[in-house]
Amino acid sequence: MAEGIKNKAAIIGMGCTKFGELWDKGAEDLMIDAYLEAMADAGIEKKDIGAVWCGTHYEEVSVGKGGITVATTLKLPFIPVTRTENFCTTGTETLRGAVYGVVSGACDIALCIGVEKLKDTGYGGLPENANVSTGGTRDRLTGPNRTGPGSFAMMAVRYFNKYNLTPQEGKRALAMISSKSHHNGSLNPKAHLRKEVSVEAIMNAPIIAWPLGLFDCCGVSDGAAAAIVVRADMAKNFRKDPVYVKALQIALSSGEEVMYTDWDGAHVETTYRAAQQAYKEAGITNPREELSMMETHDCFSINELTQYEDLAISPRGHAKDDIEAGFFNLDGKIPNQPSGGLKCFGHPIGASGLRMVYEMYKQLQGKVDNPARQIKNPKYGLTHNMGGVPNKNIVSVAIVGL
């Protein structure tokens, strides 16, 4: 493979707003809040920024197309500002743009920012919008009634069948995933939802698309996050504890999974492929032993369960065993969603990827806001985003470390 970008770029500052129903703030307000926190954290001035990548997906009413709103709001004239949009990987795409920008030598310091004021759009994550967002004329013809909850519910049923789980066993494993994330989110002052929810309450919640109930689905939210990126050889001029980028991979499915009979319907092939490429780039040969923590795209609890296997952490068919053993809990071997995940932050699409990296950044520096969430001596943090449905999607995998 190509040489890659391992240890060629570093993050020296990050900012993240509180996520939630932020009716009293516009998208510009959220951008400013995340930007100012990142700038103060990095200890740089506005004149130092050489280029900007900004990600937003649905919300174009106040952000608009292109980068003009960003340049105007942050008062950053006469430098390149690029708007990125790549479905649920949009926030990670902004980081990829900034990293590639500094590594190429096009600029010394780059800002990336992800923002989404999703509540203002009325987007609920159910029918119509979910189908439109995957895009394309053929997609409308082959899956006109497809929904996000329905698509992932079918993956859950197929997984239960393939690995001989009874409906009760399968639903309990999924409930343990969501309950774990709600516990973590209850400790995070920036999370949208901060309430413990028991496994029993999750299993008995109203059904959205069987077997997925209310607490198996993430919510809709508003928020923003930002990062300051420099070349790795410059990083310690700014701070003693920069966080280095070890890998950044994006992969897309062509949708061929649904056109042939090879795909088992019980996993996301793109997650597996992107993760393998990221591990090669980072030099990780045994992710189960080498990763310290993860933030993965838990839009639905079954997606998180299959990610454990697609990311090569749990053996195929055995994610349930690791879930029940607490392997992914805060005090487990590889804590997943130490922030509370999409389950507690919601999913303002343009902001989610950078929000996940913010959590890894603070964890690696030992500066998490609540000591109860601080992971001991982390080395590598992985973030994962997935947009689309199990048979047609885009996936990003980023790995950062000290």
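Modeller: Start with burial: buried means under 20% relative accessible area, exposed means over 50%, and partly exposed is in between, with a 1.4 Å probe and protein chains only. Take Glu 93: it counts as buried, because its relative accessibility is 11%. The model is predicted, so local features need pLDDT of at least 70 and side-chain atom pairs count only at pLDDT 80 or more, while totals for chains, interfaces and linings use all residues. Residues are numbered from 1 along each chain as its sequence is written, and side-chain values use heavy atoms, with hydrogens and water left out.

Colleague: Where is Glu 93 found?

Modeller: Helices (H or I, at least four residues) and strands (E, at least two) are DSSP runs, numbered from the N terminus. Glu 93 is in helix H3.

Colleague: Which residues does Glu 93 touch?

Modeller: Contact means heavy atoms within 4.5 Å. Leaving aside residues up to four places away in sequence, Glu 93 touches Thr 84, Asn 86 and Ile 250. Compare sequence and space as well: Glu 93 and Ala 247 are 154 residues apart in sequence and 13 Å apart in space, C-alpha to C-alpha.

Colleague: Now the sheet. How do strands of a sheet pair?

Modeller: They pair through backbone hydrogen bonds, either parallel or antiparallel. Here, two strands count as paired if DSSP finds at least two bridges between them. Nine strands make an open sheet, in the order E3-E2-E4-E7-E1-E8-E11-E10-E9, with mixed pairing. Strand E3 (81-84) and strand E9 (293-295) are the edge strands, and each pairs on one side only. From one strand to the next, the twist averages 25°.

Colleague: In which sense do E9 and E10 run, parallel or antiparallel?

Modeller: Parallel, joined by three bridges. Met 294 has Leu 382 in E10 as its bridge partner.

Colleague: Why is E10 largely enclosed by the rest of the structure?

Modeller: Because 10 of the 10 residues of E10 are buried.

Colleague: What lies across the sheet strands?

Modeller: Angles first: axes are lines fitted to C-alpha atoms, for helices over the stretch in contact, and angles run from 0 to 180 degrees between N-to-C directions. Helix H3 (residues 90-104) lies across strand E1 (9-16), strand E2 (51-55), E3, strand E4 (109-117), strand E7 (222-231), strand E8 (243-252), E10 and E11, and runs at about 120° to E8. Helix H9 (residues 269-282) also packs on the sheet. H9 touches E8, E10 and E11, and its direction makes about 145° with that of E8.

Colleague: At what angle do H3 and H14 pack?

Modeller: H3 and helix H14 (residues 349-365) pack at about 60°, with axes 5 Å apart. From H3, the contact uses Thr 90, Gly 91, Thr 92, Thr 94 and Leu 95. From H14, it uses Ile 349, Gly 350, Gly 353, Leu 354 and Val 357. Sort them by class: four nonpolar, six polar and no charged residues. In this scheme Ala, Val, Leu, Ile, Met, Phe, Trp, Tyr, Cys and Pro count as nonpolar, Asp, Glu, Lys and Arg as charged, and the others, Gly among them, as polar.

Colleague: What describes a pair of aromatic rings?

Modeller: The distance of the centres and the angle of the planes. Rings of Phe, Tyr and Trp (its six-membered ring) pair if their centres lie within 6.5 Å; planes under 30 degrees apart are stacked, over 60 edge-to-face, and the rest tilted. This structure holds five aromatic pairs. Tyr 159 and Tyr 163 make a tilted one, 4.6 Å centre to centre and 50° between the planes. Tyr 308 and Phe 328 make a stacked one, at 3.5 Å centre to centre and 5° between the planes. That pair links distant parts of the chain, 20 residues apart: Tyr 308 is in helix H11 (residues 301-310), and Phe 328 is in the loop between helix H12 (319-324) and helix H13 (341-345).

Colleague: Which charged residue lies over the face of Phe 327?

Modeller: A charge sits over a ring if NZ of Lys or CZ of Arg is within 6 Å of the ring centre and within 35 degrees of the ring normal. Arg 288 lies over the face of Phe 327, 4.2 Å from the ring centre. Arg 355 lies over the face of Phe 345, at 4.2 Å from the ring centre.
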